[in-house]
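Please look over the structure first.

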Amino acid sequence: MTNLSEIDKKNIWHPFTSLASEDNPIVVTSASGVYLHTEDGRKIIDGVSSWWVNIHGHANAHIAKAISRQAMELEHVIFAGFTHRPAITLSENLLSILPSNQRKIFFSDNGSTAVEVALKMAFQYWYNQGVNKKKVIAIQGAYHGDTFGSMSVGERGIFTDPFAPYLFETAFIDFPADDNEDHVFSQFKTVADTGEVAAFIYEPLVQGAAGMRIYSAKFLDRLLAYAADKDIVCIADEVFTGFGRTGKIFASDYLSKKPDIICVSKGITGGALPLGATACAEKIAAAFLTQDATKTFFHGHSYTANPIACAAANASFELLTSEECRTNIARISSQHQYFVKKIRSHTRIKTARSLGSILSIELKTDESTSYLNSSRKKIYHYFLDRNILLRPLGNIIYVLPPYIITTEQLDEVYMAIEDFLGQ
Ligand SMILES: *Cc1c(COP(=O)(O)O)cnc(C)c1O
């Protein structure tokens, strides 16, 4: 054990990691493009974009320069009563790519806070109008973050059990698969028809944490149309799916119905700095446009709209909207599709699917497909030993690379997967 990892072990509590874990965290000294460079001289392919945030590669020079320039000019300023160019430019950039009905941007620090803001906006939207609607509908398997509001609208299980008494009630509809759509629709309708539903929150087209589960755009449109009929606020949690992940800039771009509120984070800064944003349509903002101080949205964070984070996001936006980036995403999408066709019928595979730059492979298993599935650790170490970082969700292997991964680097990941399946 190196000195660094000893100190780490003594002092630091890592996310989603048991304090009794015997694994030593790997010390990363630098990173470049798709590679993480470790203290012991290894070069590891980041096949999961460092928890889905990195889109343009590590230590991206364009983003790094923007950060450095901004840090020398204005590092931070209170965002109530004051403003700055990086946030203003970012608002214009975001509104230029978000669905056209979005009007206002509220900044926060991460995906969970972007979701908290969305829920609070939706609840206060009704409160401000004196309408008594309190129910929330979410989809079984959902993951919306780790704060209390976002846990409340997410799948309940080992992650949330200790907090169960403190979470508000949510009506969960089943995950829409090809064979249960009418059933799920009638579940949705039953709750919606009570007239008491404040909001419907969903991860559009793909549930990330549930195991990269992909579902039908057409069916989601059907739910959104019904929700609109029943005057339910629709919240698209695009924290994972945003900024090109699914092949289009937002997953909502595959749908004909537009959400009232959209949450973004993860890829927003290209993976360089934490930042979240919640966008809303005119209708939502209108309920807050009043001189009545009791109807103000009283929410904020110390680092709201941090200029350095906004500068990173603007630099990332320039890269995202470039021809080169579009080409890269399209290339990865078709490489994924080709690989899915190639391995789909492998005897060890239950399903293999892809959407944009997301590839997910569900292995056959006798165990229930939970996060604690025992194959998880084995798969993780198999690939890590080959200098590829993949972090399976239970028995689901997924590949989610930064868009700058080359054809050859991606082929190296596929080859490792084929070797894994063949052993
Ligand atoms: C990761 C994620 C979140 C939470 O974001 P954090 O930045 O980790 O708090 C919320 N929603 C979805 C869909 C996510 O994938």
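Q: At what angle do helix 3 and helix 10 pack, and are they roughly parallel or roughly antiparallel?
A: In this predicted model, helix 3 covers residues 61-73 and helix 10 covers residues 307-320. Their axes lie 8 Å apart, at an angle of about 150°. Angles over 145 degrees count as roughly antiparallel. The pair is therefore roughly antiparallel.

Q: Is the crossing of helix 3 and helix 10 left-handed or right-handed?
A: The handedness goes with the pair that packs at about 150°. For helix 3 and helix 10, the crossing is right-handed.

Q: How many nonpolar residues are in the contact of helix 3 with helix 10?
A: Helix 3 brings His62, Ile63, Ala66, Ile67, Gln70 and Ala71. Helix 10 brings Pro307, Ile308, Ala311, Ala312, Ala315, Ser316, Glu318 and Leu319. By class, the contact has 3 polar and 1 charged residues, and the nonpolar count is 10.

Q: What area is buried between domain 1 and domain 2?
A: The domain assignment gives domain 1 as 4-60 + 323-422 and domain 2 as 64-320. Their centres, taken over C-alpha atoms, are separated by 26 Å. In the contact, 27 residues of domain 1 meet 27 residues of domain 2. Carbon and sulfur atoms give 67% of the buried area, which is about 2,400 Å².

Q: Is helix 11 roughly parallel or roughly antiparallel to helix 13?
A: Helix 11 (residues 323-343) and helix 13 (residues 407-422) pack with axes 11 Å apart, at about 20°. Angles under 35 degrees count as roughly parallel. Helix 11 is therefore, relative to helix 13, roughly parallel.

Q: How many charged residues are in the contact of helix 11 with helix 13?
A: On helix 11 the contact uses Arg331, Ile332, Gln335, His336, Phe339, Lys342 and Ile343. On helix 13 it uses Thr407, Leu410, Asp411, Tyr414, Ile417 and Glu418. These divide into 6 nonpolar and 3 polar residues, with a charged count of 4.

Q: Which word, oblique or parallel, describes helix 12 relative to helix 13?
A: Helix 12 spans residues 375-385, and its axis comes within 11 Å of that of helix 13. The two cross at roughly 130°. Helix 12 is therefore, relative to helix 13, oblique.

Conventions: Residues are numbered from 1 along each chain as its sequence is written. This is a predicted model: local features need pLDDT of at least 70, side-chain atom pairs count only at pLDDT 80 or more; totals for chains, interfaces and linings use all residues. Side-chain values use heavy atoms; hydrogens and water are left out. Axes are lines fitted to C-alpha atoms, for helices over the stretch in contact, and angles run from 0 to 180 degrees between N-to-C directions. Helices (H or I, at least four residues) and strands (E, at least two) are DSSP runs, numbered from the N terminus. Angles under 35 degrees count as roughly parallel, over 145 as roughly antiparallel, 65 to 115 as roughly perpendicular and the rest as oblique. A crossing is left-handed if the near helix is turned anticlockwise from the far one by less than a right angle, and right-handed if clockwise. Contact means heavy atoms within 4.5 Å. Ala, Val, Leu, Ile, Met, Phe, Trp, Tyr, Cys and Pro count as nonpolar, Asp, Glu, Lys and Arg as charged, and the others, Gly among them, as polar. Domain bounds come from an automatic or database domain assignment. Buried area is the accessible area (1.4 Å probe) that two parts lose on being put together, summed over both.
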